[in-house]
Amino acid sequence: MKLNINDILSKSILTPGRGLLNEYSHSLNPYAGCAFGCSYCYVRQLPVSLFRDEEWGTWVDIKANAAELLRKELIKAKKKGPVTIFMSSATDPYQPIEAKTMLTRSLLEVMLEVQPDFLFVQTRSPLVKRDLDLFKQFGNKIRISMTIETDKEEIRKAFAPSAPPIPARMNALKEITDAGVLSQATISPLLPCTREFPKKLKHLASRVTLDDFWMGDGSGGKRTEKLGIHKIYEQEGMEKWYNPAAHKVVLKMLKDELDGDIQVLVSQKGFMPGID
């Protein structure tokens with residue numbers, strides 16, 4: 001599938017936190033669009049995607065002036081009070097084009113100069129480990145969260161064929177955790193997994209957060225329903241997993257395996273700014 005990439009000039013780069021991110025002062029998206037194009041992505045049902053002629057996953061806009069804007073907006077925002085940033089809410093800051101543009105890295109460099117009170121980095125890309133040298137400089141003002149929706153590669157390929165392999169994500173997250181950076185394994189959204197999943201997560205991160213479509217898509221599952229991903233569950237013979245109660249089974253598995261060693265959080269609580 002051909003990817004349409006464009007440089008754009010943004011009018012602003014920091015967006016006030018709202019909805020499930022209302023505990024953050026701002027969200028930060030270096031790109032518009034996302035090459036991973038996951039079938040279940042709630043952004044498919046947001047205006048940025050709905051009012052675009054191109055299909056989600058086939059286009060990426062690079063906010064070429066993002067670093068310049070961020071420096072100005074951070075200085076201004078810090079004068080008004082604490083600044084906590086979620087990067088990113090509507091794109092992946094480490095999608096493939098980042099290896100070339102290094103745009104997200106440039107934003108991290110700006111944030112080391114003008115430091116927010118806390119930065120939460122959400123990705124599903126092993127490329128994130130490239131910036132480990134910068135993460136270390138933030139101390140306890142940063143947490144790196146890696147999306148690991150399942151431990152089954154065949155399920156990942158069915159729902160998100162363009163996303164990075166699960167083993168590569170796990171290895172990258174462990175490297176970040178072993179370097180002493182606050183980290184998180186984020187099962188979001190929960191996809192069909194094995195009973196061994198909790199054990200595989202045990203030494204990967206500082207904590208684990210579990211989320212699903214019904215809690216996490218910002219509409220009680222209505223946005224996800226419109227995407228028609230139930231068909232994928234049917235094709236995989238996994239219909240029983242498309243259920244708002246499925247997460248309770250996995251939550252018990254996680255707590256049985258991890259509790260006492262690693263903190264287990266659910267949905268919005270696992271994305272709050274600040275340390276534990």
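Predicted model: local features only at pLDDT ≥ 70, side-chain atom pairs only at ≥ 80, totals over all residues.
1. **The main core.** The largest nonpolar core holds 81 residues. Within this core, Met111, Ile148 and Leu201 touch the most other members. Start with Ile148. Leaving aside residues up to four places away in sequence, Ile148 touches Ile166, Arg169, Met170, Leu173, Ala185, Thr186, Ile187, Phe197, Leu201 and Leu204.

2. **A second core.** A separate core of 6 residues is also present. Its members include Leu21, Tyr24, Phe86 and Phe120.

3. **Helix H4.** This helix spans residues 103-113 and is mostly covered. Of its 11 residues, 8 are buried. They are Leu103, Thr104, Arg105, Leu107, Leu108, Val110, Met111 and Leu112. Met111 also belongs to the largest nonpolar core.

4. **The cavity.** How many cavities of 30 Å³ or more are there? The count comes to 1. The largest cavity has a volume of about 50 Å³. Leu190, Asp212, Phe213, Trp214, Tyr233, Trp241, Asn243, Ala246 and His247 line it. Helix H9 (213-216) and helix H12 (246-258) are the elements that give two or more residues to this lining. By type, the lining divides into 6 nonpolar, 2 polar and 1 charged.

5. **Arg156.** Is Arg156 buried or exposed? Its relative accessible area is 5%, under the 20% cut-off, so Arg156 counts as buried. The residue sits in helix H6 (residues 153-159). A polar atom of the Arg156 side chain lies 3.3 Å from the backbone oxygen of Pro161. Residues up to four places away in sequence aside, Arg156 touches Thr150, Pro161, Ala163, Pro164, Pro165, Ile166 and Arg169.

6. **Cis peptide bonds.** Most peptide bonds are trans. The bond from Met87 to Ser88 is cis, with omega near 15°. Ser88 is in the loop between strand E6 (84-87) and helix H3 (98-101). The bond from Ser188 to Pro189 is also cis, with omega near -5°. Pro189 lies in the loop between strand E9 (183-187) and helix H8 (197-201).

7. **Positive phi.** Most residues other than glycine have a negative phi. Met102 is not a glycine, yet its phi is positive, about 55°. This residue is in the loop between H3 and H4, and is partly exposed at 37% relative accessible area. Ser267 also has a positive phi, about 50°, without being a glycine. Ser267 is in the segment after strand E11 (263-266). At 9% relative accessibility, Ser267 is buried.

Note on methods: Residues numbered from 1 in each chain as written. Heavy atoms only, no water. Core = buried A, V, L, I, M, F, W, Y, C linked by side-chain atoms within 4.5 Å. Buried < 20%, exposed > 50% of the residue type's maximum accessible area, 1.4 Å probe, protein only. Contact = heavy atoms within 4.5 Å. Helix = DSSP H or I, 4+ residues; strand = E, 2+ residues; numbered from the N terminus. 1 Å grid on protein atoms, 1.4 Å probe; cavity = no way out; pocket = protein on both sides within 12 Å on 5 of 7 lines; lining within 4 Å. Points joined across faces, edges and corners; volume = space filled by probe spheres on them. Nonpolar A, V, L, I, M, F, W, Y, C, P; charged D, E, K, R; others polar. Polar contact = N/O pair within 3.5 Å; in protein donor to acceptor, adjacent residues only side chain to side chain.
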